[in-house]
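Please read the points below alongside the coordinates, as notes from one colleague to another.

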Amino acid sequence: MITPRSDVALRPGYHSPQVDVRVRLNTNESPFPPPDEWLDDVLREAAMVHWNRYPDRSAIALRTAIGALHGLGPEWVFAANGSNEVLQTVLLAFGGPGRTAALWEPTYALHSHLAETTSTQVVVGERGADFALDVDEIRRVITEAGPSVVFLCSPNNPTGVADSPALVEEVLAMARSGDALLVVDEAYGQFSGWSATSLLGEGEPLVVVRTYSKTWAMAGLRLGYLVGPPEVVNALEKVVLPYHLDTLKQAIGLAALSYETEMRARVEQLVAERERVQAALAAMDVDYWRSGANFVLFRPRRVAGQAVWNALLSHSILVRDCSSWPRLDGCLRVTIGAPAENDAFIEALAETLEKMTS
Ligand SMILES: *Cc1c(COP(=O)(O)O)cnc(C)c1O
């Protein structure tokens, strides 16, 4: 029987347990569904699709609307099936054999995973004790490794820490002089104040990646995009599969953008809930990191994270166990849910810690 290539056979693959529970706070989804009016749009658009025809390969209407969100033309937009596919396409075009991608752990696992599956060498730098990035450490890695792709993630998953505008500007300058492409993953961008999109420019080696999965409450749709210089977008179009975005997805992804006000209201509510959850964590026997996203990373001080994860699961509450991730021994990540879900989490965690330490 044929076996996969040896490096593939050795890969652990992507693991995030999908357990059927009452309170699901493990994958940073929105707890709220998109607006009912959008669902009406979905049905109307589905009735209008020419199912016997291929989609618009250039997805021009969708890309025009996404570009308008950022004050840019469609030639600045590349869309794909989730931002993971956007990231993979970036690596197919700008990474690959003989090239290197730089990232700083702990960060989003898919950056290194997708680099490896595209045969891009990964060079890993360190974050400080508070998980903030240090400009000198970034310069060291970029100077030593000469990467083609440099990944930032702001706010960073799983730490929640957002990078400062000054830091991103400095890294962009390093990318410019080092002939690298700076990729800023802003999957949680709307939860935090500042966006790297303000640094985009003609000839600047910068792309900013966004997704419908979190702030737009559409993880089930699988749609993400990047904004960046047209020459980068052109390169991505050359390696992505033809007709990769189906007709219905293009139409309903476009329709979703009419509900930006609703999106902002959801984000505002989740930010308020995040502050409430953090205040509750501050009163418990845990360390936590102040988050600029819709999740909070925390570490029980006197008991094993994994034991707490199990105890929460017995309350039918699912959070993410990050213990096996680089530098995150004993850490758990909780997604901010609806108020009642957050109450359930806070109550169960307090009870668990009380029981396990008394
Ligand atoms: C959730 C997440 C994504 C989203 O991936 P999709 O494929 O768009 O669902 C991308 N980047 C980061 C950092 C994330 O946390």
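1. A polar contact here is a pair of N or O atoms within 3.5 Å. By that criterion, an oxygen atom of the ligand is placed 2.6 Å from a polar backbone atom of S83, while side-chain polar atoms of Y188 and of T211 each lie 2.6 Å from a ligand oxygen. The protein buries 93% of the 390 Å² that the ligand exposes when taken alone (Shrake-Rupley areas, 1.4 Å probe).

2. The model is predicted, with local features requiring pLDDT of at least 70 and side-chain atom pairs pLDDT 80 or more, whereas totals for chains, interfaces and linings use all residues. Numbering starts from 1 along each chain as its sequence is written, and side-chain values use heavy atoms, without hydrogens or water.

3. Around the ligand there are 13 residues, with S83, Y188, T211, S213 and K214 the closest (a heavy atom within 4 Å).

4. The largest nonpolar core holds 83 residues, and L182, Y212, I317, V319, F345 and L349 have the most contacts inside it; a second, separate core of 25 residues includes A80, F94, L110 and F151. Such a core joins buried Ala, Val, Leu, Ile, Met, Phe, Trp, Tyr and Cys residues through side-chain atoms within 4.5 Å, buried meaning under 20% relative accessible area (1.4 Å probe, protein chains only).

Technical notes
A polar contact is a pair of N or O atoms within 3.5 Å; within protein, one must be able to donate a hydrogen and the other to accept it, and residues adjacent in sequence count only if both atoms are side-chain atoms. Buried means under 20% relative accessible area, exposed over 50%, partly exposed in between (1.4 Å probe, protein chains only).
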